[in-house]
Amino acid sequence: VGGLALRPDRPALLVSSTSWTEDEDFGVLLDALVSYNERAGSSAGARLPKLVCIITGRGPQKAMYEKRIAKLDMQHVLVFTAWLAAEEYPVLLGTADIGVSLHRSSSGLDLPMKVVDMFGSGLPVLAVDFECLGELVRDGHNGRIFTDASTLTERLVECLCGFPEQQLLLDRLRTGVKDFQQTRWNDEWDRVALPVFGGRPP
């Protein structure tokens, strides 16, 4: 009595971050959000929550996408862009329900640090697929992988269905993220890199 409580009809909070360059096609996310909005507004979408999407970062294409966002007419999805101070970003990640990464590696070898940040905050991630992503995102365990706007829509629907009380898949992914947090850098170095240099794990 007298304490704070989460509303049972609260919206889900989705977070993504970007440098707003051509390396990341945020049209994929916006198209998926439009499709999600249509699903949530249909009779079949009764178990889908409203969705608040916050996209953080700054860069050359930000104004272009903000103009596109301003033209969207959605009743069940709100989209905001923001630039956060360094100390504010982990707080946002810690309050979010799901993260989205649109990072595609041009080399196929580098992993998105934004996903590491999200995992570090306990946040499951929906990530666009590329060659080595499986080293970080284990599909169905700590996140889900998508290839285009259509599959991203499906991932959002399956993760958020029943939110906030009965989101079974999202809860399972959160558990998988906790498993990821138990793996430390030194452990991975000993397991993966050390044998390459002729050493033996301790």
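Modeller: Ala, Val, Leu, Ile, Met, Phe, Trp, Tyr, Cys and Pro count as nonpolar here, Asp, Glu, Lys and Arg as charged, and the others, Gly among them, as polar. The model is predicted.

Biologist: How do the residues lining the largest pocket divide under that scheme?

Modeller: The lining of the largest pocket has 10 nonpolar, 7 polar and 6 charged residues. The volume of this pocket is about 800 Å³. Its lining has 23 residues, and Glu135, Leu136, Phe180, Thr183 and Glu188 are the closest to the centre. Of those five, Glu135 and Glu188 count as charged because Glu is in the charged group.

Biologist: What makes up the lining of the second largest pocket, by residue class?

Modeller: That lining has 7 polar and 5 charged residues, and no nonpolar ones. Its volume is about 160 Å³.

Biologist: Why is Lys114 called buried?

Modeller: Buried means under 20% relative accessible area. Lys114 has 14%, so Lys114 is buried. Lys114 sits in helix 4 (residues 113–120).

Biologist: What makes the link between the side chains of Lys114 and Glu24 a polar contact?

Modeller: The cut-off for a pair of N or O atoms is 3.5 Å. The two side chains are joined at 2.3 Å, which is within that limit, so the pair qualifies.

Biologist: Which residues is Lys114 in contact with, leaving aside its neighbours within four places in sequence?

Modeller: Ser17, Thr18, Glu24, Ser101 and His103. Each has heavy atoms within 4.5 Å of Lys114, because that is what contact means.

Biologist: Where is Met74, and is Met74 buried or exposed?

Modeller: Met74 lies in the loop between helix 2 (62–70) and strand 3 (77–82). Its relative accessible area is 14%. The limit for buried is under 20%, so Met74 is buried.

Biologist: What is Met74 in contact with, its neighbours within four places in sequence aside?

Modeller: Leu33, Val34, Asn37 and Val79.

Biologist: How far is Met74 from Gly198, C-alpha to C-alpha?

Modeller: They are 57 Å apart in space and 124 residues apart in sequence.

Methods: Residues numbered from 1 in each chain as written. Predicted model: local features only at pLDDT ≥ 70, side-chain atom pairs only at ≥ 80, totals over all residues. Heavy atoms only, no water. Helix = DSSP H or I, 4+ residues; strand = E, 2+ residues; numbered from the N terminus. Buried < 20%, exposed > 50% of the residue type's maximum accessible area, 1.4 Å probe, protein only. Polar contact = N/O pair within 3.5 Å; in protein donor to acceptor, adjacent residues only side chain to side chain. 1 Å grid on protein atoms, 1.4 Å probe; cavity = no way out; pocket = protein on both sides within 12 Å on 5 of 7 lines; lining within 4 Å. Points joined across faces, edges and corners; volume = space filled by probe spheres on them.
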